Amino acid sequence: MPPRTCALCDDARAILKRPKTGQQICKECFFYVFETEVHNTITEAHLFKRGDRVAIGASGGKDSTVLAHVMKTLNERYGYGLELFLLSIDEGITGYRDDSLETVKRNQQQYEMPLKILSYDELYGWTMDAIVSQIGKKNNCTFCGVFRRQALDRGAAILNVDHILTGHNADDIAETVLMNIMRGDIARLGRCTSICTQGEDTIKRSKPFKYAYEKEIVMYAYFKKLDYFSTECIYSPDAYRGHARVFLKDLEAARPSAIIDIIHSGEAFEATGSVKATQKSQQTCKRCGYMSSNELCKACTLLEGLERGMAAAAVTDRARAKLDAEGPAPAHLRQIPLFRLPETVQSNHVDPSVSLPAQR
């Protein structure tokens with residue numbers, strides 16, 4: 001049987017089958033359609049305006065490495081006019097993050113982008129290794145997720161950027177939809193599929209890979225021979241997300257379109273007025289100035305629990321009541337530095353009329 005030709009160019013030999021569409025195509029056509037789909041996602045959502053300073057959250061893994069490569073390619077090909085940076089967070093995980101950061105440093109040279117590395121140790125005075133030694137592995141992802149989110153915003157403020165890009169892909173978003181369904185979290189279910197999020201007191205965040213399958217990101221990195229770090233976090237095997245991931249992979253095996261179908265289902269959800277009425281209004285943390293729905297933001301609450309030797313206090317309501325019963329936090333406890341938005345975010349707001357036009 002003769003080799004099958006590419007379904008798109010009908011010339012070159014097909015060497016791969018797209019997980020997303022089932023098409024058998026050549027390598028060059030795969031690169032083009034993958035990049036073009038990301039470009040279409042960016043332009044249809046009006047993610048940028050010319051002159052934006054954009055930080056790419058860089059972990060050294062496949063998603064962020066491919067994102068950096070694709071953003072550099074599209075910025076040059078379509079003339080976005082963006083100033084691109086790499087922003088990495090060092091959680092302090094020996095044998096994992098220290099190795100992956102070496103990859104990020106190589107990416108800095110390969111893509112010629114300025115790099116900023118901000119560590120949990122310098123920001124919070126704790127590494128994830130130290131946190132796990134105190135609390136164990138049961139709730140460590142809660143601490144890391146909260147600390148990482150705020151660290152990204154603080155790193156972006158140091159870089160004075162307008163926008164943060166993360167490498168969350170279609171699989172990640174579909175998993176989040178499933179997790180919110182399993183938790184019965186209706187409020188988050190209505191907003192977890194948003195491609196872009198921004199509040200008055202936060203830096204704009206976007207997910208250009210919202211519709212990109214994880215398998216295709218891996219294929220892109222492999223065929224492009226990109227330099228990335230492939231080891232999973234040593235503290236994540238017990239994470240709740242793992243159950244949603246296994247379920248999603250089973251669904252994908254039976255029906256590849258399940259990933260996109262779940263995302264579209266999540267997009268169709270919208271919180272009713274009664275649900276919205278139960279949500280707390282946003283304010284700023286009285287201790288560090290970061291956005292919060294309570295007097296203290298989640299990061300400050302977690303840090304206080306760690307400093308007082310009661311780390312579980314910020315994870316469960318019962319433990320929090322025990323911490324409150326101990327009285328106010330001693331004055332000598334370590335605190336997170338005051339958060340200030342970048343000047344560009346304070347003075348500039350996205351104007352859709354000057355956003356990039358949709359191109360095909």
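What follows is a short chat about strands, crossovers and a pocket.

Modeller: First, the ground rules: this is a predicted model, where local features need pLDDT of at least 70, side-chain atom pairs count only at pLDDT 80 or more, and totals for chains, interfaces and linings use all residues. Residues are numbered from 1 along each chain as its sequence is written, and side-chain values use heavy atoms, with hydrogens and water left out.

Colleague: Why is strand β4 called largely enclosed?
Modeller: Buried means under 20% relative accessible area, with a 1.4 Å probe and protein chains only. Six of the eight residues in β4 (residues 83–90) are buried, so the rest of the structure largely encloses β4.

Colleague: What makes β3 and β4 a pair?
Modeller: DSSP has to find at least two bridges between two strands. β3 (residues 53–57) and β4 have five, in the parallel sense, with Val54 opposite Leu84. β4 also pairs with β5 (residues 115–119), parallel over five bridges, and there Asp90 stands opposite Ser119.

Colleague: What makes the β-α-β unit of β3, α2 and β4 right-handed?
Modeller: With the strands pointing away from the viewer, the path from the first strand over the helix to the second must run clockwise. β3, helix α2 (residues 62–78) and β4 make a right-handed unit, and β4, helix α3 (residues 97–111) and β5 make a right-handed one too.

Colleague: Which residues lie nearest the centre of the second largest pocket?
Modeller: Lys20, Glu37, Val38, Thr41 and Tyr211, out of 13 lining residues.

Definitions and conventions: Buried means under 20% relative accessible area, exposed over 50%, partly exposed in between (1.4 Å probe, protein chains only). Helices (H or I, at least four residues) and strands (E, at least two) are DSSP runs, numbered from the N terminus. On a 1 Å grid over the protein atoms alone, a cavity is a set of points where a 1.4 Å probe fits but cannot get out, and a pocket is an open set with protein on both sides within 12 Å along at least five of seven lines; lining residues have an atom within 4 Å of a point.
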